[in-house]
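I opened my notebook to look a few things up in this structure. Here is what I wrote down as I went.

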Amino acid sequence: MGDLKLPDIDYGALMPMLILFGAACVGILVEALVPRRSRHGVQLGLSFLAVVASFVAVIVAHGTRKITIGGAVAVDGPTLFLQGSILALGAVSLMLIGERSLERGGPFVSQAAVTVGSQKDVRQAGDQPGATEVYPLTLFALGGMLLFVSANDLLTMFVALEVFSLPLYLLCALARRRRLLSQEAALKYFLLGSYASAFFLFGVALIYGYAGGISLGAVHDAVANPQRSEILLYGGLALVAIGLLFKAALAPFHVWTPDVYQGAPTPITALMAACTKVAAFGALLRVLYVSFEGVRWDFQPVLGTVAVLTMLVGAVLAVTQTDMKRLLAYSSVANAGYLLVGALALNKEGLSSTMFYLVAYGFSVLAAFGIITLVRDADGEATHLSRWAGLGRKSPLFAMAFSFILLAFAGIPLTSGFTSKFAVFGAAVEGGQTWLVIFGVISSMLIAFPYLRVVVLLWLNEPGETTPTVSIPGFMTAAALTIGVLATFLLGVVPAPLIDLSQDAAQFIR
Amino acid sequence: MNDFPFLSILTLLPLVGAVVVACIPRRKAELAKRVTLAWSLVVLALSIFMWVAFKAGGDRFQFHESYQWIPSWDARFTFAADGIALVMLMLIAVLMPVVILASWHDVDDGQRSAPTYFALLLAFEFTMIGVFAAADVFLFYVFFEVMLIPMYFIIGSFGGARRQYAAVKFFLYSLVGGLFMLASVIGLWVLGGHTFDFTRLLQSVGEIDQNTARWLFLGFFIAFAIKAPFFPFHTWLPDAGGAAPAGAAALLVGVMDKVGTFGILRYCLPLFPEASRWFAPAALVLAVIGILYAALLAIGQNDLKRLVSYTSIAHFGFIGVGIFAFTTQAGTGSVLYMVNHGLATGLLFIVVGMYVARRGSSLVSDFGGAGKLTPLLAGVLFFAGLASLALPGTAPFVSEFLVLIGTFTVHKAYAVIATVGIILAAAYVLWMVQRTTQGTLNPALEEVPAMRKDMTLREKVVVAPLVLLLLLLGFYPKPVTDVINPAVQATMQDVGKTDPGPTAVTANGGVAR
């Protein structure tokens with residue numbers, strides 16, 4: 001028997017993840033040891049501290065380019081850029097999650113297992129403070145995402161996928177209002193997510209059969225120098241891709257998105273729309289660019305079709321929506337399509353522009369969902385479109401912010417929506433994918449209509465009897481909104497620093 | 001003098017003004033109006049300085065400025081003006097104070113916020129100046145899209161009966177066109193050597209292969225054709241022009257639509273010369289159809305503002321014919337037409353607006369014999385109508401004539417058919433004037449107290465500069481043509497067209513060159 005040697009571990013490079021996972025474990029201890037009254041404050045402070053510390057660790061490690069911990073984790077430019085993005089967006093999501101001034105006890109229920117509609121349920125919806133387990137769960141999810149974008153072999157990637165998915169399934173079920181919808185969303189997400197994970201795992205097995213290894217570098221070598229049946233390769237690639245496309249909400253694997261986005265507590269929806277998207281696309285980019293670059297001619301048309309389908313489905317179905325959260329869900333589907341257009345450029349510009357898009361879109365979507373948490377009536381958030389009529393007259397400031405975000409989604413210049421779209425479309429034309437850009441432009445025309453309809457509703461309609469009030473945001477929601485709107489504006493007007501950063505980072509290591 | 005950063009200051013000034021006015025509290029409406037007016041006069045003064053500083057026979061692009069913006073895309077804040085851009089800048093600078101003064105009481109009902117309205121007008125001026133002053137394709141595109149937003153809110157929040165529908169239609173049409181253009185802008189950037197600088201692009205576009213260039217041309221052309229608008233992309237204009245407040249409609253039709261024709265002259269023709277020649281027959285046919293079709297529709301209108309909108313579409317047909325005839329004469333005529341049409345239609349919209357404000361209705365059938373109650377206003381309406389149908393002595397005559405003779409030297413058939421448009425123009429203008437101001441007095445009019453008041457001093461001040469300019473440029477267009485001519489010649493050289501033989505004489509008899 002040979003000696004079992006500990007692989008070389010670069011703790012500095014792993015520090016962002018270690019901090020988050022460590023803090024999440026501490027958070028569980030806090031649940032057990034700290035008295036109920038002070039838990040919320042302690043947990044919130046701990047989570048923020050962890051995210052900020054982790055972000056600092058990313059900055060400290062900014063020059064690192066190495067594969068560590070026995071080949072399981074690659075810390076390179078894209079990893080650090082995406083980890084930084086996830087942490088920045090995660091910090092803003094945490095502000096929304098931690099807000100307790102909008103509603104007594106916050107947006108989460110204290111015991112998710114209580115039967116819906118029972119007296120106990122009514123009571124806990126009324127005044128009981130929400131569960132503080134959400135903070136460790138969020139930290140675990142964020143930690144999993146960090147690992148997901150840095151995983152250098154397919155099994156680590158699978159583990160990371162599960163680590164960030166499971167907490168999200170749970171978080172989806174915790175909405176204080178509309179309990180049935182929330183539980184349904186969680187169950188749907190869980191079931192479909194499990195299928196997707198199973199597909200992913202099966203794909204990994206096939207690729208292992210083809211390449212004789214699961215590290216992305218080994219797969220790349222096998223693709224470059226084929227030894228075995230290509231059926232294994234294509235089957236494996238397809239199944240792995242399905243797992244990733246599901247997480248990224250690309251058609252035809254997007255059907256969960258509207259239901260889950262609508263049912264989940266809005267801060268969690270924001271977290272999913274911003275951070276999960278970064279994580280899913282980060283992993284997709286890594287798998288495609290590092291391992292399967294050699295068969296690009298085989299998967300480009302297929303994934304191109306997926307992108308076209310996604311953009312059209314997202315745009316067309318967004319037109320028919322009557323619920324704000326569902327509308328944003330379909331908009332997020334369409335945006336996933338634009339992201340895939342950038343990713344399929346398969347060049348350096350493609351990588352950097354997709355990463356830029358992820359950050360820009362993340363901040364905008366956080367602000368959008370942040371505003372949704374504010375528009376409330378006695379039953380919680382008023383998300384039906386008709387309820388938003390004339391809001392511009394009642395609260396011009398918020399209507400202005402929301403209109404600005406919608407214009408950003410529509411890709412009007414001087415917003416980040418325009419610069420990011422320009423970046424991905426430019427990269428795609430560069431990469432010879434002009435047909436994708438044409439469909440992207442068509443989809444942008446279609447989806448402008450629902451956005452514009454909302455703007456009309458906000459400003460040009462008279463407020464009705466049932467128009468809800470916009471709550472005065474607490475400090476944290478206000479901060480989250482300010483950051484989101486400001487980032488959307490700044491990345492639209494002075495995008496150069498972030499573009500340069502993303503271009504400097506756009507090099508995977510193998 | 002040319003080192004002074006005219007264009008960037010001219011662009012930013014109205015933006016600052018818009019922010020200032022928007023910050024004025026709602027109850028101080030009067031203050032907001034005065035600040036806005038003063039601000040627009042400062043902009044006007046600055047542009048007059050610029051007009052003086054511009055050397056008509058000098059470089060094609062003057063007042064060049066360039067600042068770094070997004071280095072990795074080579075997008076820069078580059079401003080420069082040729083003669084065409086300069087006259088458009090002057091047009092917006094002249095129209096703006098006039099429109100502000102004309103809109104003085106438009107939002108006095110207390111329902112809507114006056115500072116917001118006037119801030120939106122200044123924001124609109126900012127985007128207009130930017131779009132004409134930009135010499136960087138990316139920057140141009142940014143202004144091209146952003147200019148929709150202030151106008152969208154002006155129409156949507158302060159417009160007439162069908163304002164929501166009109167605002168959305170306006171926005172979507174323009175946005176669709178803009179997105180076509182976006183695809184072409186990206187293509188141009190990738191194939192033209194990763195730069196947005198107009199002068200550098202001029203040198204590098206020759207390497208784009210013929211077929212691709214035609215597609216790129218089409219993307220730009222559709223955007224501009226929707227904006228102008230040319231038949232068959234015109235259907236948004238009557239709705240928008242009909243629903244917008246009269247002053248804003250004057251700006252919308254008088255200036256914003258010129259971005260379309262300006263864009264064709266500045267971007268389509270020089271960047272894609274071969275494609276322009278290839279598409280020219282189709283563009284000419286569309287333009288001629290537009291002249292006749294819109295004129296016929298204008299005759300059939302019962303709504304004054306919609307009628308004026310249709311007359312504009314007919315006039316844009318003339319401009320289109322002049323551009324795609326590819327002669328210096330017709331080109332100069334077109335640019336001059338852009339200016340004159342801005343003045344004439346602007347005046348027409350403003351006068352119609354005065355009638356609509358008095359009567360509370362824009363339907364022709366609600367008027368009749370109005371001249372008996374308001375002789376002066378009726379006279380101005382008549383004058384605006386005559387200018388609009390290009391009566392000799394008024395400015396539009398010069399431009400229409402130049403377009404027609406410039407076209408006749410190369411395309412006789414189109415010129416002859418287009419001439420029919422003049423007759424139709426006489427029909428729609430004169431019939432409109434007759435039905436509203438002539439004939440027996442509509443008894444319903446007398447019951448409206450406001451109708452008994454003729455022009456106030458403010459209204460006289462509003463129309464006076466436009467009337468004077470229309471007469472001045474009708475008798476002595478040389479100062480303007482001198483500025484336009486070299487720029488048009490340069491553009492025609494880019495297209496690779498020379499004027500046919502000695503039969504064509506330039507407008508001002510021997511050009512400055």
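First I needed a rule for burial: a residue is buried if 20 or more other C-beta atoms (placed from the backbone) lie within 10 Å of its own, exposed if 12 or fewer, and partly exposed in between.

Housekeeping next: this is a predicted model, where local features need pLDDT of at least 70, side-chain atom pairs count only at pLDDT 80 or more, and totals for chains, interfaces and linings use all residues. Residues are numbered from 1 along each chain as its sequence is written, while chains are lettered from A and ligands numbered from 1 in the order in which they are written.

**Entry 1: S229(A).** Is S229(A) buried or exposed? I found 11 C-beta neighbours inside 10 Å, so S229(A) counts as exposed. I found S229(A) in the loop between α8 (216-224) and α9 (230-248) of chain A; helices here are DSSP runs of H or I with at least four residues, and strands are E runs of at least two, numbered from the N terminus. From the C-alpha atom of S229(A) to that of G209(A), 20 residues apart along the chain, I got 9.4 Å.

**Entry 2: chain A overall.** I noted 20 helices and 5 strands in chain A. Its C-alpha trace spans about 70 × 55 × 40 Å along the principal axes. Of its 510 residues, 61% count as buried.

**Entry 3: V87(B).** Which residues does V87(B) touch, leaving out those up to four places away in sequence? I listed V335(B), V339(B), V480(B), V483(B) and I484(B); contact means C-beta atoms, placed from the backbone, within 7 Å.

Definitions and conventions:
Contact = placed C-beta atoms within 7 Å.
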